[in-house]
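Trainee: I have a model open and would like to learn how to read it feature by feature. Could you walk me through it?

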Amino acid sequence: MRLAGATKSTTLEPFMHAAFYESVGPAGEVLQLAELPDPAPAPGEVRVRVQWSGVNPSDVKSRAGLRSKVMPFPRVIPHSDGMGVIDAVGEGVSAARVGERVWLWNAAWGRANGTAAQMICLPQRQAVPLPEGVSGEAGACLGIPALTAMHAVLTQGGVAGKRVLIAGGAGAVSHYALQIASRMGAAQLFTTVSSDAKAALAREAGADVALNYKSEPVVERVRELTHGKGLDRIIELDLAVNGTLDLDMLRTGGELVVYGSSPLPLNLPFGVLLAKNIRLAFFIVYHLDDEERARATGALQRALARGELAHNIALRLPLQSIVQAHEAVEQGRAVGNVVLQVV
């Protein structure tokens with residue numbers, strides 16, 4: 001990682017530590033550390049002194065240029081998720097918010113400045129009070145992993161009384177989704193894993209059945225365990241890889257809720273979709289509408305306040321180790337969430 005030359009001027013303007021990139025590419029080549037001017041909140045905004053920054057696959061893909069080779073802004077401070085304390089407010093925001101512990105969502109979505117810095121300014125609704133007793137590092141896992149999981153479980157009428165499979169049960173999103181679906185009344189809860197250790201983690205999260213896709217015939221086992229009825233819902237993280245198998249496991253009229261896919265051609269058999277009346281629901285958590293986000297956020301806040309969620313944090317690193325964090329996410333070496341402590 002390049003250490004950028006200090007950008008300080010001769011003025012007395014205060015500065016913050018920040019990580020950023022000015023071109024897309026490999027983490028070790030484009031990520032930089034430097035001191036940048038402290039931001040000031042605009043009307044309707046709060047300024048948050050960041051304590052923890054979450055690193056998600058979408059952050060890594062954007063930095064690598066997998067979404068676009070064109071920089072959206074001349075300089076990008078990455079990461080949409082984070083946690084910190086409000087230390088200043090803009091015009092129109094109650095001064096009572098100063099001192100609040102908050103978690104953040106969409107901090108870097110469509111914006112130049114994310115949470116990989118000591119301070120960030122953003123619209124006040126994107127800073128949600130963190131319930132008492134929830135750790136700071138857990139707060140940096142909520143904006144994408146936990147909200148994605150919550151919406152995937154709640155959408156299309158929820159999972160109460162349904163036979164549900166959540167793909168990749170040891171992953172950051174799926175680990176939350178298993179816990180949420182278990183508490184929201186799923187009748188039978190399946191997941192897929194690739195090792196005994198991941199199976200144990202998934203069962204602790206609420207899975208009734210953890211199927212090792214490397215050693216078990218997943219479709220046949222699901223048919224057996226549902227007595228030939230099939231699944232009511234599948235929550236899918238990689239439609240391109242698993243789509244055909246998903247259709248085999250779903251009952252007629254089943255639901256396929258999709259929040260991710262590999263960059264492979266998507267080839268689903270129309271005849272099967274039609275004959276089985278399969279309902280497809282695609283979503284990206286960044287684009288939840290106001291009603292959807294309010295519902296998912298409210299449910300998440302209640303679960304956090306009651307201490308119902310375990311947070312699987314695989315790697316905690318300082319901001320200075322942002323390259324290592326990006327590479328861990330990129331290479332799939334972290335089983336769970338990756339967070340950076342910002343000091």
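**Reading the model together**

Mentor: Gladly! Let's start with Ser53, which lies in strand E4. Keep in mind throughout that this is a predicted model.

Trainee: Is Ser53 buried or exposed?

Mentor: Ser53 is buried, because its relative accessible area is 0%, and the cut-off for buried is under 20%.

Trainee: Which residues does Ser53 touch, leaving out those up to four places away in sequence?

Mentor: Its contacts include His79, Asp81 and Gly82, then Thr115, Ala116 and Ala140, and also Val338, Val339, Leu340 and Val342. For a sense of how the chain folds back, take Gly139: it is 86 residues from Ser53 along the chain, yet their C-alpha atoms are separated by 8.9 Å.

Trainee: His79 is on that list. What should I look for in its backbone?

Mentor: Start with the general idea: most residues other than glycine have a negative phi. His79 has a positive phi, near 90°, and is not a glycine. You will find His79 in the loop between H2 and strand E5 (81-89). His79 counts as buried, because its relative accessible area is 0%.

Trainee: Where is His227, which also has a positive phi?

Mentor: His227 sits in the loop between H7 and E12, and its phi is about 55°.

Trainee: Let's go back to E4. What follows that strand?

Mentor: Asn56 lies in the loop between strand E4 (45-55) and helix H2 (57-64). With a relative accessibility of 5%, Asn56 is classed as buried. Beyond its sequence neighbours up to four places away, Asn56 touches Asp81, Ile144, Pro145 and Val329.

Trainee: How do I read the nonpolar interior?

Mentor: The general idea is that nonpolar side chains tend to be buried together in soluble globular proteins. In this model the largest nonpolar core has 51 residues, and Trp103, Leu142, Ile166, Tyr176 and Leu300 have the most contacts inside it. Two or more residues each come from helix H4 (142-154), strand E9 (163-166), helix H5 (172-183), strand E10 (188-193), helix H6 (196-205) and helix H10 (290-305). H4 gives the largest share, nine residues. Another core lies apart from it, with 39 residues, including Leu33, Val76, Ile77 and Val338.

Trainee: How can I tell which side of a helix faces inward?

Mentor: An α-helix has 3.6 residues a turn, so residues three or four places apart point the same way. Now try helix H8 (residues 239-249), where Leu239, Gly243, Asp246, Leu247 and Met249 are buried. These residues lie on the same side of H8, because they cover an arc of only 145° around the axis.

Trainee: What covers the buried residues of H8?

Mentor: The cover includes E9, helix H7 (218-225), strand E12 (231-236), strand E13 (250-258), helix H9 (270-275) and strand E14 (279-282).

Trainee: Which residue would you pick in E13?

Mentor: Val257, which lies in strand E13. Val257 is buried, because its relative accessible area is 0%. Setting aside residues up to four places away in sequence, Val257 touches Ala152, Thr155, Arg233, Ile234, Ile235, Glu236, Ala281 and Phe283. Val257 and Leu280 are 23 residues apart along the chain, with their C-alpha atoms separated by 6.1 Å.

Trainee: And what comes between E13 and H9?

Mentor: Pro269 is in that loop. Pro269 counts as partly exposed, because its relative accessibility is 31%. Pro269 and Thr244 are 25 residues apart in sequence, and 7.7 Å apart from C-alpha to C-alpha.

Trainee: How many nonpolar, polar and charged residues are in the lining of the second largest pocket?

Mentor: That lining has 12 nonpolar, six polar and three charged residues.

Technical notes:
Residues numbered from 1 in each chain as written. Predicted model: local features only at pLDDT ≥ 70, side-chain atom pairs only at ≥ 80, totals over all residues. Heavy atoms only, no water. Core = buried A, V, L, I, M, F, W, Y, C linked by side-chain atoms within 4.5 Å. Buried < 20%, exposed > 50% of the residue type's maximum accessible area, 1.4 Å probe, protein only. Helix = DSSP H or I, 4+ residues; strand = E, 2+ residues; numbered from the N terminus. Nonpolar A, V, L, I, M, F, W, Y, C, P; charged D, E, K, R; others polar. Contact = heavy atoms within 4.5 Å. Arc of directions from axis to C-beta.
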